[in-house]
Amino acid sequence: MKKIAALTLLLFLLFQTSFAQKKDVQKVFKEASESFESQDYETTLQKIKEIKMEYKNPPPRLLSMEILSKSEIIKQNPFSNYELIAETRKLTNTYFKNPNSKKDPDYNSVLLENKILNIYPKDLATFNTLKESKLKEEAIAKEQQEKAAAEAIVRREKEAIEAKAKQERDAIATKERL
């Protein structure tokens, strides 16, 4: 009899703990959704990481939010992190393998992001080559901008000197007429 009571109590406590964890997951998911809507993708990913600890196979809605958040981070600076691109591709493949993904309201958005992810380099060597090329282009553009700014300063100084010289010539001419 004591064993049955103890077993019943144990099951009750397990159910309560599971129910409390489910509420926590729902709360954290709501926070993740809110941070996603406010375009705070880093916070969204932190919340998703918390939630994923509770699942062996996360639901499609959670995966889609993670994919979309990572994609937005990648778009902000495509050549910052190859691992993030590769990880997001892998996550996208996992998402599409789940038959329930098609029921996810963000399915089409994930499909579009998958197409965009396929535009990025597929291997680290190509990624690094393109990154280096982009950095060189940016350095050249910055150098040209600085050169143009310096030339503009020189031109303004020259114009100021010429204006002052003209003003002095005009003043001398006016004095000579008097």
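Which residues does Thr-44 touch, not counting residues up to four places away in sequence?

Reply: This is a predicted model. Thr-44 touches Ala-32, Ser-35, Phe-36, Met-65 and Ser-69, leaving aside residues up to four places away in sequence. Thr-44 itself sits in helix H2, which spans residues 41-52. Its relative accessibility is 0%, so Thr-44 counts as buried, the cut-off being under 20%. One of its neighbours, Ser-35, also makes a polar contact with Thr-44. That contact runs side chain to side chain, at 2.8 Å.

Now to helix H3, residues 60-76. H3 packs with helix H5, residues 107-117. Two values describe such a pair: the angle between the axes and the distance between them. Here the angle is about 40 degrees, and the axes lie 10 Å apart. H3 and H5 are therefore oblique to each other. The crossing of H3 past H5 is left-handed. On the H3 side, the contact involves Ser-64, Ile-67, Leu-68, Ser-71, Glu-72, Ile-74 and Lys-75. On the H5 side, Ser-109, Val-110, Glu-113, Ile-116 and Leu-117 take part. By class, this contact has six nonpolar, three polar and three charged residues.

Last, the wider fold. The protein chain has six helices and zero strands. Along the sequence, the pattern reads α-α-α-α-α-α. The chain has 178 residues, and 26% of them count as buried. Consider contacts between residues at least 6 apart in sequence: 62% of these join residues at least 24 apart.

Conventions
Residues numbered from 1 in each chain as written. Predicted model: local features only at pLDDT ≥ 70, side-chain atom pairs only at ≥ 80, totals over all residues. Heavy atoms only, no water. Axes fitted to C-alpha atoms, helices over the stretch in contact; angles between N-to-C directions. Helix = DSSP H or I, 4+ residues; strand = E, 2+ residues; numbered from the N terminus. Parallel < 35°, antiparallel > 145°, perpendicular 65-115°, else oblique. Left-handed = near helix turned anticlockwise from the far one by under 90°. Contact = heavy atoms within 4.5 Å. Nonpolar A, V, L, I, M, F, W, Y, C, P; charged D, E, K, R; others polar. Buried < 20%, exposed > 50% of the residue type's maximum accessible area, 1.4 Å probe, protein only. Polar contact = N/O pair within 3.5 Å; in protein donor to acceptor, adjacent residues only side chain to side chain.
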